Amino acid sequence: MFERLAKKYVSNSFIVSVYLALRRFFSAIHDMSRKGGMAKKAHRAKKPVLYLLEFHVAEHCNMNCNHCFHFSSLVKEKSFPSLEQFKKDIARLGEIFDNIRTIRLMGGEPLLNDELPQFIYETRKVFPKAKINVLSNGLLYKKLDGELLTAFITCNASIHVSLYKPMIHKKDEMARHFTDKGVKHWISNPILRFAKYINVEGTSDPKKVVRQCPASRCTFLSNGHIARCPLPFNIKYFNKRFNHAISMDNELIDIHKLEIDGFALKKRLAQPMESCRYCTKLEWVDWNQIQPTSERSISVTDFCSGKR
Ligand SMILES: C[S@@+](CC[C@H](N)C(=O)[O-])C[C@H]1O[C@@H](n2cnc3c(N)ncnc32)[C@H](O)[C@@H]1O
Ligand code: SF4
C-alpha cells in the first residue's frame with residue numbers, strides 16, 4: 001500500500017522522503033531480527049531478505065518514451081542479456097539472500113525477448129517465495145500465450161502494464177485477455193506525464209538526492225554485477241547518444257567476488273552513490289515518444305531536468 005501511495009504522489013517529495021525513511025527503518029529492524037539480535041532462535045536466519053531486484057530482459061524498446069528512466073528509448077539496436085550469465089547470477093544471489101521480495105523482469109520491453117519464459121523459470125527456481133513481476137508497456141500483450149503463458153502460470157508470475165497513450169484504448173481488451181488466460185495482472189492508470197531527472201553537470205548532493213529518489217533501492221542486476229540503481233549500468237546509452245563520457249563503473253559490485261556477507265552488502269546498497277550527483281529533482285513533462293534512430297529528435301538539454 002505504501003508503495004502505491006508513493007507512486008501516486010511521487011512528485012510530492014515530502015511524502016516520498018517519509019515513505020523512504022519508514023522503509024529504511026523497518027528494513028533495518030527486519031535485518032536485525034534475522035541476524036538474531038531481536039528474534040527468537042527459531043526465526044533466526046543467516047541470510048537477509050532483499051527488498052527489490054530489477055533486471056533487463058531486453059535493453060531496447062518498442063514504445064520509446066522520451067526521457068525513459070532506463071534510457072531504453074536511446075538504444076538503437078536489438079539487445080538481449082545472456083540467459084547463461086543470468087542463470088549464474090541469480091544462483092549467486094540465491095547464495096547471498098534468503099529471499100528477494102519482488103523481482104522485476106523488465107527492460108526496455110521484456111515481451112520482445114523470446115527467451116522470457118526461461119528467465120521466469122530460472123528466477124522462480126532460485127527464489128520460490130519472491131513476487132515475480134514482468135513490467136511491460138503492453139504493446140505485445142497478445143504474446144502472453146503458449147509457452148510464455150505456461151511459464152507465467154507455472155511460476156505464479158504477474159504482468160504489470162504501464163499504460164501509455166497508444167494503449168489506453170486497449171485497456172479493457174488487454175485486461176480481458178489476461179483474465180481469460182488466468183494471468184495475474186495489474187494495469188496502471190493512463191500515464192500522461194514523465195519525469196526528467198538527469199543533472200549532466202554532476203553537481204547534486206548525493207545525500208539530498210537519495211532522500212527523494214523514486215528508484216531508491218531498485219537494486220539492479222546485470223552481467224555478474226549489482227548496484228543500488230539502474231543508472232550506473234544504463235548511463236552508457238546516455239553517453240553514446242549524447243557523446244558524453246560519464247563513468248559510473250565504480251558503483252558496480254561484482255557478486256561473484258564479494259568479500260562481505262549479505263547483510264553488509266544490503267547496507268552498502270542503501271548508501272548514496274557518488275554517481276547520485278548526476279540525479280536531481282524530478283521535472284515533470286508531458287509524455288511523448290521519440291525515434292531512437294533519429295539523431296535530431298532530442299538534445300541533451302531537453303533530456304535533462306532543469307530543476308536543482
Ligand atoms: C523503465 S520501464 C520498463 C518496463 C516497461 N517498458 C514499462 O514501461 O513498464 C519501468 C517503469 O518505469 C517508469 N518510467 C520510466 N521512465 C520514466 C520517467 N521518465 N518518468 C516516470 N516514470 C518512468 C515506467 O512508466 C514504468 O512503469
Ligand atoms: S516503454 Fe517507455 S518507459 Fe518502458 S522501457 Fe520502453 S521507453 Fe522506457
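**Strands, helices and cores**

Mentor: Start with one pair: Leu221 has Ile226 in β8 as its bridge partner. Bear in mind that this is a predicted model.

Trainee: Which way do β7 and β8 run, and how many bridges join them?
Mentor: They run antiparallel, and three bridges join β7 (residues 220–222) to β8 (residues 225–227).

Trainee: And where do those two sit in the sheet order?
Mentor: The order is β5-β4-β3-β2-β1-β7-β8-β9, an open sheet of eight strands with mixed pairing.

Trainee: Which strands are at the edges?
Mentor: β5 (184–190) and β9 (253–254), each of which pairs on one side only.

Trainee: What about β2 and β3, parallel or antiparallel?
Mentor: Parallel, over four bridges between β2 (residues 99–107) and β3 (residues 131–136). Within that pairing, Ile103 has Ile132 as its bridge partner in β3.

Trainee: Which helix goes with β2 and β3?
Mentor: Helix α4 (residues 116–126), which makes a right-handed β-α-β unit with β2 and β3.

Trainee: OK, next one along. How many bridges do β3 and β4 have?
Mentor: Five, and the pairing is parallel. Val134 stands opposite Ile159 in β4.

Trainee: Which strands does α6 lie across?
Mentor: Helix α6 (residues 171–181) lies across β4 (157–163) and β5, and runs at about 170 degrees to β5.

Trainee: Switching to packing. Which residues touch the most other members of the largest nonpolar core?
Mentor: Val57, Ile100, Ile103, Leu105, Ile120 and Phe220, out of 43 residues in that core. Strand β1 (residues 49–58) gives the most to this core, five residues.

Trainee: Why would nonpolar side chains end up grouped like that?
Mentor: In soluble globular proteins they tend to be buried together.

Trainee: Take Ile100. What is Ile100 in contact with, beyond its neighbours within four places in sequence?
Mentor: Leu50, Leu53, Phe127 and Ala130.

Trainee: Which residues are in the second core?
Mentor: Ile198, Val209, Cys213 and Tyr278 are among its 10 residues, and that core is separate.

Trainee: Last thing, overall numbers. How many helices and strands are there in the chain?
Mentor: 10 helices and 10 strands. Of the 308 residues, 35% count as buried. Among contacts with a separation of 6 or more, 79% are between residues 24 or more positions apart.

Definitions and conventions
Residues numbered from 1 in each chain as written. Chains lettered and ligands numbered in written order. Predicted model: local features only at pLDDT ≥ 70, side-chain atom pairs only at ≥ 80, totals over all residues. Core = buried A, V, L, I, M, F, W, Y, C linked by C-beta atoms within 7 Å. Buried ≥ 20, exposed ≤ 12 C-beta atoms within 10 Å, placed from the backbone. Contact = placed C-beta atoms within 7 Å. Pairing = 2+ DSSP bridges. Axes fitted to C-alpha atoms, helices over the stretch in contact; angles between N-to-C directions. Right-handed = clockwise from strand over helix to strand, strands pointing away.
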